[in-house]
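Hello,

Here is the structure I promised to pass on. Have a look, and then read on for what turned up in it.

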Amino acid sequence: EKGYETGEHAPGLKLGGCGAYKAAHHIIKTHAKVWHSYNNTWRREQGGMVGISLTSGWGEPVDPHSQTDRDAAERYIQFHLGWFANPIYRGDYPEVMKNYVGKKSAQQGLGTSRLPTFSVQEKTYIKGTSDFLGIGHFTTRYVLQKNFPFLQVSSYHTDHDLAELVDPNWPAPGPKWLYSVPWGFRRLLNFIKTQYGNPLIYVTENGMSETVQCPQLCDEWRIQYLKGYINEILKALNDGVNVKGYTAWSLLDKFEWNKGFSERFGLYHIDFKNKNKPRYPKASVDYYKKIISANGFPNPREVMS
């Protein structure tokens, strides 16, 4: 979406309303081809696994008693995670995506939907092409219904007719988009369990960044973030979700998309101004080391039900 719709990221194309859908369509078909290639050629000899890693926030209805808000929250998840996961686990794009993009395309006078379609053969070829699901997750939004007039320029963002809100009490020590909302992770993991047949899950990205250098490398907020989110994964495990592994994002500060070196996700601080790029452990390093060595929280009393 940022590469082919808004042009914020490489390759910087602004193909409003259709670019992101076309790019995703090719990604999904290419992923399936790679999975089948490995499955047919190497799996018997190597015994490896091929999966896909998808990043998604969680969408919580503003009013859980409102069917309209619940439907909007469902669309939020389906337009993010379901967009890619549904074809792979269920054989096609989510029905709500097909309905909404199709309806808006018709309102624009287009003969076909801006969301591409899979042939019957492609659906069969794509379905089941993941031995595990990688999940990148960082934050949550409250979601409610918002109608966008169809006369507006079409875009992925206006196709799902919803607005996103945040709770001002949620901690947000880093960039504007990243609020710490641990409970959203448990709900996302349970959604995956229910929606896609409880697949094997590896958490491939989860972490908090800072936009300014923390004094004395004391990133207490990152420790609280990791503690909260890992605890919610433990709760999801107790719910029966099949989470196999967890990876904190990220070991080092690094080049972060169009933010360059200004947004720092690392457990280790990198001095980018020094030609040797020395690395300094932040406080979160010691905390995360203890979790790794204990394979969980060192103090069982830290775990809250």
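To start, does Gly-47 count as buried or exposed, and what is its relative accessibility? Gly-47 counts as exposed because its relative accessibility is 59% (buried means under 20% relative accessible area, exposed over 50%, partly exposed in between, with a 1.4 Å probe and protein chains only).

Before going further: this is a predicted model, where local features need pLDDT of at least 70, side-chain atom pairs count only at pLDDT 80 or more, and totals for chains, interfaces and linings use all residues. Residues are numbered from 1 along each chain as its sequence is written, and side-chain values use heavy atoms, with hydrogens and water left out.

The structure holds 21 aromatic pairs (ring centres of Phe, Tyr and Trp, the last by its six-membered ring, within 6.5 Å; planes under 30 degrees apart count as stacked, over 60 as edge-to-face and the rest as tilted). Trp-83 and Tyr-156 are stacked, at 4.9 Å centre to centre and 25° between the planes. Trp-83 sits in helix H3 and Tyr-156 in helix H6, 73 residues apart. Trp-83 is buried at 5% relative accessible area, and Tyr-156 is buried at 4% relative accessibility.

Best wishes

Note on methods:
Helix = DSSP H or I, 4+ residues; strand = E, 2+ residues; numbered from the N terminus.
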